[in-house]
Every structure is written in C-alpha cells, then in structure tokens.
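Here is a short briefing on one protein chain and its ligand. Look at the fold first, then read the points below.

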Amino acid sequence: MKNLKKSVEAFTAFLQNAKHSIPWVLLLGEKGSGKTTLLYYLLSSNRDKVFPETAFNWIDISYGTEWFKLIDLGKEILNDERIIEYFLNIADGVVYVINGETDESLRNSTENFHKIIDKIPSNIPLLTLINKRNPERKINLNKALSFFDLGKISSPNDPRSFHFEICTILTGDGVYRAFDWFVSKLMDYEAYHESVTVHRVLIYDVNGLLDFDAQFSNIINKSEDAVLITGLLSALNSMTRTLFKESSFLDVVTVGDYSMVLVTRKEKICCLFVERGDALGKAKQIAEMILDIFLTEGENGRIAIENLIEESKKDEEVIS
Ligand SMILES: Nc1nc2c(ncn2[C@@H]2O[C@H](COP(=O)(O)OP(=O)(O)OP(=O)(O)O)[C@@H](O)[C@H]2O)c(=O)[nH]1
Ligand SMILES: [Mg+2]
C-alpha cells in the first residue's frame with residue numbers, strides 16, 4: 001500500500017512537470033457515454049468494435065499531420081472529483097461525451113455536464129459530443145442545445161472556445177467534423193508551434209579557432225569550455241570528412257540533455273546548443289540565419305543574433 005501511494009505520488013509529480021510536446025486532451029463524460037469507443041475510433045476507424053476494459057488509457061493519437069495525447073479515465077477513476085480536477089489542471093483541451101441515446105439520458109448527461117463546467121478551465125477548447133444519436137433517433141442541434149445552459153458554458157466576461165456536435169461515435173458519423181474544429185483550436189496555441197531553446201552559440205572556423213561565443217544559460221559556462229568544445233567539434237568534423245570523403249560535415253551531436261546542431265558555410269561553422277528533443281530542422285534554420293548575420297556583420301551582429309534567439313523561443317513566424 002505504501003509503495004502504491006509512493007508510485008501514485010511519483011506519477012502525479014511527473015505529470016505536473018512533464019513538458020507537453022503535443023497537447024494533452026482529457027476525455028470526460030459519464031460512464032458508458034462512449035469515451036473509450038471514441039478513443040479507439042480515432043486510433044483506427046477500422047478496428048473491431050470490441051474494446052478492452054481498462055482503468056486508464058493514455059494514448060498518442062495522430063490526426064492528419066497533428067498529434068495529441070488522449071487521456072481516458074475509466075469509470076472508477078472518474079468517480080473521484082479530486083482526480084478529475086487534477087487532470088483538468090494539466091489538460092490542454094477537453095472532449096466531453098454526452099449520452100444522447102434518449103431524451104432522458106440526454107437530460108441526465110447534461111445535468112452532470114453542468115456540474116463540472118465551472119471546473120473546466122475556460123482558456124482551453126471544449127468539444128462536446130452528443131453521442132449515440134443513431135440515424136433512427138435523429139435530433140437536430142437546436143433541440144439538443146435546448147438541454148444546455150449556454151450562458152454557463154461561455155459568457156462575455158469569461159469567454160471560451162466551444163463546439164457541439166451530434167454524432168454516432170460507433171460508426172464515426174460526425175466525429176471528423178467535430179475533431180477538425182477541435183484539433184485546429186488545440187494547435188492554435190503558441191506552445192505547440194515549434195520552438196527552440198538555444199543555450200549557447202559558438203561560431204568557429206574550420207581550423208578550430210573560436211570566432212564568436214554567446215551564452216543564454218549557464219550550462220557549460222566557462223570560456224575555456226567553449227574553446228575545448230570548439231576544438232573537439234573541429235576534430236570530429238575533420239575526422240568525418242576523412243572518413244566519408246570531402247563535403248561531409250557533422251550536423252547533430254546529442255549529449256545528455258542537450259543537442260549540438262552544426263551548420264557550415266564559407267569555412268565557418270555555427271554550433272547551437274539546444275534542448276534535446278527541440279525541433280532540429282528549425283534549429284538548423286536558426287543556425288543558418290546566425291551565420292548569415294555573422295558573415296555580413298561579424299561581432300557587430302551580436303545584438304541581432306541575441307534578438308533572433310529570444311524570438312525563436314516563442315514565435316515560429318520569425319523563422320519561417
Ligand atoms: N448505439 C450506440 N452505441 C454506442 C455508440 N458509441 C458507443 N456505444 C456503446 O456504448 C457502450 C459504452 O461505450 P464506452 O466507449 O465503453 O463508454 P465509456 O464512456 O468509455 O464508459 P466508461 O469507461 O464505463 O466510463 C459500448 O457498448 C459502446 O459500443 C454509438 O454511437 N451508438
Ligand atoms: Mg471507457
């Protein structure tokens with residue numbers, strides 16, 4: 001029991017601190033409304049319609065060219081309000097599945113929905129699926145919406161991005177229409193645009209002499225380290241060229257938590273120290289832009305280079 005408590009604590013601490021490289025989406029809705037069916041439908045629309053009973057699904061879903069993580073808490077876990085609140089705090093979006101099988105189930109489901117709506121942060125998108133409206137029990141959206149108190153969902157003082165869709169998850173009817181909206185909202189968040197955190201920039205010539213050094217954090221913070229790394233990279237580069245003939249250059253070296261991204265032009269090599277897992281294509285673009293500045297302005301370009309790196313932390317538009 002003690003061990004279990006410990007591992008739960010460790011897991012929740014991990015969740016709290018985990019970096020969301022893709023958005024995390026929490027599935028909510030009363031038991032039997034169709035959450036797990038939805039998860040499996042998104043995972044593969046051709047799958048057998050029999051789902052394993054699990055307490056907790058935590059699965060990366062690809063949607064077109066985008067990815068998000070879907071968190072499906074089984075019915076036992078969903079009974080615990082504290083757990084739901086906890087997951088609402090770390091979610092980047094919520095999908096609420098309403099059981100719309102009959103008018104009565106729709107009424108019950110919307111009651112539960114209204115109980116929790118205040119706890120769903122208004123700065124994340126909310127998709128509400130009114131499920132199980134099989135063709136023989138069609139309902140129009142206006143009628144379905146009359147069960148909801150829209151003023152509680154979004155108000156001028158506390159607006160939120162929300163969308164309703166009537167669907168039959170079992171056959172997929174309506175699911176893509178709903179997720180086209182939802183995924184585009186999820187991806188609007190700047191955090192999921194590629195960002196690169198540069199810790200240090202070194203520019204050296206092919207002979208291994210250090211020309212430029214700018215530091216943005218305190219990893220490898222001694223100047224002699226920069227000279228040492230420059231020498232090492234230069235040696236590795238000339239070895240690469242000897243081994244693989246003429247124009248081969250190193251481009252990425254990953255050590256520990258950091259990656260060194262190298263770009264070469266006109267006898268100069270720019271090395272960026274970035275976070276492991278950062279978008280490497282973008283890091284290379286930044287390195288090329290830095291080299292452009294350095295080759296035209298030399299040391300006078302330092303401020304332009306520093307501005308470029310600040311921008312790359314938050315805004316992909318600068319680079320693309
Ligand atoms: N008729 C109909 N049945 C559906 C539809 N979607 C799901 N179901 C059925 O509803 C039942 C419950 O679906 P689940 O996906 O397990 O529901 P859940 O929300 O994950 O339930 P818990 O995990 O118990 O909270 C299953 O038998 C599904 O086949 C639908 O669109 N139409
Ligand atoms: Mg389920």
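**Helix pair α10 and α11**

Helices α10 and α11 are roughly antiparallel to each other, because angles over 145 degrees count as roughly antiparallel. This is a predicted model: local features need pLDDT of at least 70, side-chain atom pairs count only at pLDDT 80 or more, and totals for chains, interfaces and linings use all residues. Residues are numbered from 1 along each chain as its sequence is written, while chains are lettered from A and ligands numbered from 1 in the order in which they are written.

- The axes of α10 (residues 280-297) and α11 (residues 302-312) come within 10 Å and cross at roughly 165°. Axes are lines fitted to C-alpha atoms over the stretch in contact, with angles from 0 to 180 degrees between N-to-C directions.
- Helices are DSSP runs (H or I, at least four residues), numbered from the N terminus.
- Ile286, Met289, Ile290 and Ile293 of α10 meet Ala304, Ile305, Leu308 and Ser312 of α11. Contact puts C-beta atoms, placed from the backbone, within 7 Å.
- By class, this contact of α10 with α11 has seven nonpolar, one polar and no charged residues. Nonpolar means Ala, Val, Leu, Ile, Met, Phe, Trp, Tyr, Cys and Pro; charged means Asp, Glu, Lys and Arg; the others, Gly among them, are polar.

**Ligand 1**

- Ligand 1 is surrounded by 18 residues. The closest are Lys31, Gly34, Lys35, Thr36 and Thr37. A residue is near if its C-beta atom, placed from the backbone, lies within 6 Å.
- Helix α2 (residues 35-43) gives the most to this shell, with three residues.
- The shell has four nonpolar, ten polar and four charged residues.

Technical notes: Helix = DSSP H or I, 4+ residues; strand = E, 2+ residues; numbered from the N terminus. Parallel < 35°, antiparallel > 145°, perpendicular 65-115°, else oblique. Contact = placed C-beta atoms within 7 Å.
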